[in-house]
Amino acid sequence: MVSSKISLEGKKALITGANRGIGKVITDTFLANGATVFIVVRDNTYLDELTIHYKTYLNTRLFVFFYDLADAESVPKLFKEILGLTNSIDILVNNAGIMQDALIGMIDRSQVQNQFNVNVFSVIDMIQYCTKLMRKNKSGSIINISSIVGTKGNVGQLVYSSTKGAIISMTKTAAKELAAYNIRVNAIAPGLIDTDMLRSIGENKLQKLSSNVMMNRLGSKEDVANLTLFLGSDLSSYISGQIIEVDGMTII
Amino acid sequence: MIDQYNKVFKEAFGLELDSLVSLEYQSISAWDSVGHMNLIMRIEEEFNIMMETLDIIDFSSYQKGIELLKKYGVQ
């Protein structure tokens, strides 16, 4: 059968780090394609903006949960709250992440702890809890957002790249362990995507990095969201354990 | 509650009631780590609860399970 449109009708998606950047565009994309979306945001900093942006969907097809994923208590509490609304989640997008750059010799232990708490430990928790719901339905798609630096490394990003590398190996193992339950696990490794996080590295550094993109442009948030849509949909039903780079052919 | 609990164990491991009471994790081949996760899934479904990770790890025997389930209002 040929599908002319990717549909997430009837599916329920849980997306972390969805208040801005790539996570927000993934949320928009999923809503536009029919999913009911549960988003996790750290605090209410962007609440007014989110309320206006999602007013059509709020509390009907979009539900917002406030949790700081750096806190080990957050994920169990989140799922208790989710269970009050639904017994099933079809798609999990582990997008939340923090980046704190430092050169070797200047890495503070607290930076390591912070980045691993959010970028790795919370993802393990999310997978553990969310697959409880997915296993019941013998179906699910988990999409972990890694990074090009997780596969290739980058100067000044020893810790961040380590966390994103961990996401890649985690994805491969989870895919093996969960295949028996028809739960697919894939990772996306975005390259230079035009986000606030990328721009925080500074204009000079950004220009230098951009010259390594063979397609001669920064990626857009939509470039990543479109792949997330495909991986969340049934069109990718035989794809698992893959790390897909969305980087416009970048060499770093 | 105990009838439901026993039913889950019997279905998960194919055991008779009299052998359940002293059953411990990894004391039979069926209750290995994979069997454990299947058991937990059945228990969560039967009692409509979601157990926390530390409790799943702590669930070391049939008896310990009964004690842990009280925390979730199952008794």
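Hi everyone, let's start with the open space: the largest pocket here has a volume of about 1,100 Å³. This is a predicted model, so to speak plainly about the rules: local features need pLDDT of at least 70, side-chain atom pairs count only at pLDDT 80 or more, and totals for chains, interfaces and linings use all residues. Residues are numbered from 1 along each chain as its sequence is written, chains are lettered from A and ligands numbered from 1 in the order in which they are written, and side-chain values use heavy atoms, with hydrogens and water left out.

Points are joined across faces, edges and corners, and a volume is the space filled by probe spheres set on them.

Back to that largest pocket. Its lining has 47 residues, and A:G97, A:M99, A:Y160, A:T195 and A:M197 are the closest to its centre. Among the chain A elements that give two or more residues to this lining are α1 (21-32), β2 (36-41) and α6 (158-178); helices (H or I, at least four residues) and strands (E, at least two) are DSSP runs, numbered from the N terminus. By class, the lining has 24 nonpolar, 14 polar and nine charged residues.

Now, which elements line the second largest pocket? That pocket holds about 560 Å³, and α4 (109-137) and α6 of chain A, together with α2 and α3 of chain B, each give it two or more residues. Nearest its centre, out of 21 lining residues, are A:Q128, A:T131, A:R135, A:E177 and A:L178.

On to the interface. Twelve residues of chain B are in contact (heavy atoms within 4.5 Å) with twelve of chain A. The buried area, meaning the accessible area (1.4 Å probe) lost on putting the two together, summed over both, is about 1,000 Å², with 57% from carbon and sulfur atoms. B:M41, B:M50 and B:T53 supply 52% of what chain B buries against chain A, more than any other three residues.

How many salt bridges cross the interface of chain B and chain A? The rule, a side-chain nitrogen of Lys or Arg within 4 Å of a carboxyl oxygen of Asp or Glu, finds two. One of them pairs A:K80 with B:E52, with the closest N and O atoms 3.1 Å apart.

How values were computed
1 Å grid on protein atoms, 1.4 Å probe; cavity = no way out; pocket = protein on both sides within 12 Å on 5 of 7 lines; lining within 4 Å. Nonpolar A, V, L, I, M, F, W, Y, C, P; charged D, E, K, R; others polar.
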